Amino acid sequence: NPRNYHEMENASHKADGHNPLCGDEMTVFINEKDSRIDEISFTGSGCAISKASASIMTSTLKGMTLKKARTLFEDFIIMATTGESNGDMGKLSVLGGVHKYPARVKCATLAWHTFLGSLDDTKEIIKTE
């Protein structure tokens, strides 16, 4: 039961992501208000890791400033690829061990790259390759 799993009508930002390695597909929706993430959700199909990462990501980012969210993006990517973190990552730390499985890192980071693409209003499909 992933959290925030629904399409958001009239989102101020939206991007589509795809992991060609395993076929995961995801869309991230954001409603921004006063430089904060007022609402965030996702839809798509994929493995348990990609959906869990998106679920935790959306729960964590909701209400956060855009600046802090971009910093957390960087921190998460470092943690997912190296296992190292810049302090307390909260619930995101459950994905810290994914760095030991290189093929699964892209599953865990797909939602995050799609989130960043959404903030940047990227029109092409975000890919993990």
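Let's start with how the chain folds back on itself: among contacts (heavy atoms within 4.5 Å) between residues at least 6 apart in sequence, 55% join residues at least 24 apart. What you see is a predicted model, in which local features need pLDDT of at least 70 and side-chain atom pairs count only at pLDDT 80 or more, while totals for chains, interfaces and linings use all residues. Residues are numbered from 1 along each chain as its sequence is written, and side-chain values use heavy atoms, with hydrogens and water left out.

Now for the overall form. The C-alpha atoms fill a box of roughly 40 × 30 × 25 Å along the principal axes. Of the 129 residues, 43% count as buried, meaning under 20% relative accessible area with a 1.4 Å probe and protein chains only.

For a closer look, find Ala108 in helix α3, which covers residues 102-119. Is Ala108 buried or exposed (over 50% relative accessible area)? Ala108 is buried, because its relative accessible area is 0%. Setting aside neighbours within four places in sequence, Ala108 is in contact with Ile49, Ser53, Phe76 and Val98. Leu21 lies 87 residues from Ala108 in sequence, and their C-alpha atoms are 12 Å apart in space.

How values were computed: Helices (H or I, at least four residues) and strands (E, at least two) are DSSP runs, numbered from the N terminus.
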